Amino acid sequence: MTFREIMSMTKDLQLIWTRHPSKEYSDRQYLDYLISGQILRDYLGIKSKTNVTHFGFFPNKEVQKRILKEFRLQQKTQLVGDRIELYICECCGDITCGALTAKIIEKSDKIIWTNFANQNDPDEIGEELQEKHIEFGRENYFKAFLNIC
């Protein structure tokens with residue numbers, strides 16, 4: 001397999017500011033995942049648009065820093081199966097209200113999000129989505145999370 005073929009299988013990851021769609025939270029923004037030009041929620045076929053990411057929506061910067069370290073693979077996640085929380089409840093940010101999670105895998109030149117699932121318990125994985133995995137080039141992945149503090 002050529003380098004060009006390998007790179008065509010990986011997706012581009014960016015984080016973009018997004019305004020919450022509900023009137024209650026319309027004055028608040030968060031960083032959403034853009035996967036090769038498509039919002040992750042749309043890429044996965046998720047109809048609900050109310051859940052948010054940890055990045056920018058909530059005032060608790062300590063939680064955001066912890067989650068960022070998990071995405072950057074600098075510390076182990078707090079969920080079973082070393083999963084990351086992609087989208088969380090916009091009211092409280094608690095997984096028990098429902099979250100979209102994925103397993104994160106590091107391979108030499110790639111970072112892979114796989115086994116996407118709805119989850120409402122840190123110790124139990126819910127129903128998995130049909131999308132099996134999304135692969136990112138290592139450099140692109142870490143660059144996407146570079147300027148978040």
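Tutor: First, the term. A pocket here is an open set of 1 Å grid points where a 1.4 Å probe fits, with protein on both sides within 12 Å along at least five of seven lines. Its volume is the space filled by probe spheres set on those points. Keep in mind that this is a predicted model.

The largest pocket holds about 270 Å³ of space. Its lining has 18 residues. Closest to the centre are H54, V63, R66, E85 and G93. By class, the lining splits into eight nonpolar, five polar and five charged residues.

Which element gives the most to this lining? It is α3, with four residues. Both α3 and β4 supply at least two residues each. Helix α3 spans 61–71, and strand β4 spans 83–87.

Take R66 next. R66 is among the residues closest to the centre of the largest pocket. The side chain of R66 also meets that of E70 in a salt bridge, at 2.8 Å from N to O. Both residues sit in helix α3, four residues apart, so about one helical turn separates them. Is E70 buried or exposed? E70 counts as buried, because its relative accessibility is 3% and the cut-off for buried is under 20%. Side chains of opposite charge can pair when their charged atoms come close.

That pair is one part of a wider count. A search of the whole structure finds six salt bridges. Two others are worth a look. R138 and E106 meet at 2.8 Å, N to O. R138 lies in helix α4 and E106 in strand β5, so this pair ties together parts that are 32 residues apart in sequence. R138 is partly exposed at 30% relative accessibility. E106 is partly exposed too, at 45%. D42 and K49 form a salt bridge as well, at 2.5 Å, N to O. D42 is partly exposed at 38%, and K49 is partly exposed at 34%.

Now the packing. In soluble globular proteins, nonpolar side chains tend to be buried together. The largest nonpolar core in this model has 29 residues. Y33, F71, L86, W113 and F145 have the most contacts inside it. The elements that give two or more residues to this core include α3 and β4. Those two elements also each supply at least two residues to the lining of the largest pocket. Other contributors of two or more residues to the core include β1, β5, β6, β7 and α4. The largest share of the core comes from β2, with four residues.

Helix α3 gives the most to its lining. R66, one of the residues closest to its centre, is held in a salt bridge with E70.

Key
Residues are numbered from 1 along each chain as its sequence is written. This is a predicted model: local features need pLDDT of at least 70, side-chain atom pairs count only at pLDDT 80 or more; totals for chains, interfaces and linings use all residues. Side-chain values use heavy atoms; hydrogens and water are left out. A nonpolar core is a set of buried Ala, Val, Leu, Ile, Met, Phe, Trp, Tyr and Cys residues joined through side-chain atoms within 4.5 Å. Buried means under 20% relative accessible area, exposed over 50%, partly exposed in between (1.4 Å probe, protein chains only). A salt bridge is a side-chain nitrogen of Lys or Arg within 4 Å of a carboxyl oxygen of Asp or Glu. On a 1 Å grid over the protein atoms alone, a cavity is a set of points where a 1.4 Å probe fits but cannot get out, and a pocket is an open set with protein on both sides within 12 Å along at least five of seven lines; lining residues have an atom within 4 Å of a point. Ala, Val, Leu, Ile, Met, Phe, Trp, Tyr, Cys and Pro count as nonpolar, Asp, Glu, Lys and Arg as charged, and the others, Gly among them, as polar.
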